[in-house]
Amino acid sequence: MPDAAELQRALNLLVHDLRAPLGVAQGYVRLLKDDRLSAPADRERAWTQTEEALGRIARLCKDAATFAQDPVRSVLIDVPTVEVVTRIRRALLPDPSMPTTDEVSATTMKVANLDGLVDAVRAIVDPIRARHATMGLSFDRAGDEWRCRLGTDPQRDALDRESPTPFDPWRGGQGLALVMACRHVQDLGGRIWTTASATPGVGIGLPLETR
């Protein structure tokens, strides 16, 4: 279970993240209750926005409940790196046809749940990429690590050149889902990092093992 300090941070983050969707839902319900939306399209939009806000609240509560539980210690298994890389590329790229480099063909990764790892990488990458459309992705191997790097060309270069700084998921604006995604990667011995010049670009590294 997270320690007291982490639980306090999680509670503060949850309260912060709940305010916006609660405000949206309350505002539209008030308009509907007072019959202040005469046009059918406006009423339909109000119901849709209220439903989406309530769904967001439900997801935040589910994430909070998962975060507070004792983590399940899953058995790690060796999965061919080519398989892991292919799945991640397919999830992140609109055209994942770029061939997998031969550099990782004789390696494996320790994975507890491949779907969970793919979801974790997406949870880290997608929100940043949605806010910064000019960012690109690159995949490569550096020693005993396979890397996914997100950023503009100069930012991805900075991820290589500069001293790494651990990525802080508490400041990511994506709630506890981002915190848990980073924890998933770290539990596999991986890392998530940025640098002074690379921010908001980010790198995700996963350890490789030789077969």
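Begin by selecting Thr108, a residue found in strand β2; helices (H or I, at least four residues) and strands (E, at least two) are DSSP runs, numbered from the N terminus. The model is predicted, so local features need pLDDT of at least 70 and side-chain atom pairs count only at pLDDT 80 or more, while totals for chains, interfaces and linings use all residues. Residues are numbered from 1 along each chain as its sequence is written, and side-chain values use heavy atoms, with hydrogens and water left out.

Is Thr108 buried or exposed? Thr108 counts as buried, because its relative accessibility is 10%, and buried means under 20% relative accessible area, with exposed over 50% and partly exposed in between (1.4 Å probe, protein chains only). If you show its surroundings, leaving aside residues up to four places away in sequence, you will find that Thr108 touches Asp78, Val79, Pro80, Thr81, Pro207, Leu208, Glu209 and Arg211, where contact means heavy atoms within 4.5 Å.

**The sheet around β2**

Now select β1, β2 and β8, which form, in the order β1-β2-β8, an open sheet of 3 strands with antiparallel pairing. Two strands pair if DSSP finds at least two bridges between them. The edge strands, each pairing on one side only, are β1 (77–80) and β8 (209–210). Strand β2 (residues 107–111) is joined to β8 by 2 bridges in the antiparallel sense, and Thr107 has Thr210 in β8 as its bridge partner.

**Strand β7 and its partners**

Strand β4 (residues 145–151) runs antiparallel to β7 and is joined to it by 6 bridges, with Leu150 having Val202 in β7 as its bridge partner. Strand β6 (residues 191–194) is also antiparallel to β7, through 3 bridges, and here Trp193 stands opposite Gly203.

While Trp193 is in view, select Arg191, which lies over the face of Trp193 at 3.7 Å from the ring centre; a charge sits over a ring if NZ of Lys or CZ of Arg is within 6 Å of the ring centre and within 35 degrees of the ring normal.

**Helix α5**

Which residues of helix α5 (residues 153–161) are buried? They are Gln155, Arg156, Ala158 and Leu159. Seen down the axis of α5, the buried residues fall within an arc of 155 degrees, so they line one face of the helix; the arc is that of the directions from the helix axis to the C-beta atoms. On the other side of α5, Asp153, Pro154 and Arg161 are exposed, whereas the cover over the buried residues includes β3 (136–142), β4, β6 and β7.

**The aromatic pairs**

Finally, look for the 2 aromatic pairs found in the whole structure. Rings of Phe, Tyr and Trp (its six-membered ring) pair if their centres lie within 6.5 Å, and planes under 30 degrees apart count as stacked, over 60 as edge-to-face and the rest as tilted. Phe67 and Trp170 form an edge-to-face pair, 6.1 Å centre to centre with 90 degrees between the planes. The rings of Phe139 and Trp146 have centres 5.8 Å apart and planes at 10 degrees, so this pair is stacked.
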